[in-house]
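Biologist: I am new to this structure. Could we go through it one question at a time?

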Amino acid sequence: MPEVNTSNGGAITSGGHRAGVWIIDHHPLLRSGLKNRLEESNFRVLSEGSTLLEAINQEKSEQAPDLVILDLDAGIATIGEIKRLHPQSYVIVMACHAEI
């Protein structure tokens, strides 16, 4: 599990590197804002996309994501696919619906 290293300004580290994050959400504005906030908090955004396939195709790092932030609209099956590809990754699911 990533630990907080307060000696370098609160940077999140995992195995000696900044925690890597994938952002998967179909709203570009939300992805952009989330990416900016994560980078300000010293996370390393490895990839982003509106779908898992888009995020995989845009991945430019050999580092597996420590964390995947996923829009619920991507589907529950996407969580299984992420865990199949990167079993050590944590997945946070976001939902923003008027019905919830």
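Biologist: What percentage of the residues in the protein chain is buried?

Modeller: This is a predicted model. A residue counts as buried when its relative accessible area is under 20%. The protein chain has 100 residues, and the buried share is 35%.

Biologist: In what order do the helices and strands follow each other in the protein chain?

Modeller: The protein chain holds three helices and seven strands. Read from the N terminus, their order is β-β-β-β-α-β-α-β-α-β.

Biologist: Which strands are at the edges of the open sheet of four strands?

Modeller: That sheet has parallel pairing and the order β5-β4-β6-β7. From one strand to the next, the twist averages 20°. An edge strand pairs on one side only, and this holds for β5 (44-49) and β7 (90-94).

Biologist: How many bridges join strand β4 to strand β6?

Modeller: Strands of a sheet can pair in parallel or antiparallel fashion, through backbone hydrogen bonds. Here β4 covers residues 20-24, β6 covers residues 67-71, and the two run parallel. The number of bridges between them is four.

Biologist: Which residue in β6 does Ile24 stand opposite?

Modeller: Strand β4 spans residues 20-24, so Ile24 is at the end of that range. Its counterpart in β6 is Leu70.

Biologist: At about what angle does helix α1 run to β5?

Modeller: Helix α1 spans residues 28-40 and lies across β4, β5, β6 and β7. Angles are taken between N-to-C directions and run from 0 to 180 degrees. For helix α1 and β5, the angle is about 175°.

Terms used:
Residues numbered from 1 in each chain as written. Predicted model: local features only at pLDDT ≥ 70, side-chain atom pairs only at ≥ 80, totals over all residues. Heavy atoms only, no water. Buried < 20%, exposed > 50% of the residue type's maximum accessible area, 1.4 Å probe, protein only. Pairing = 2+ DSSP bridges. Contact = heavy atoms within 4.5 Å.
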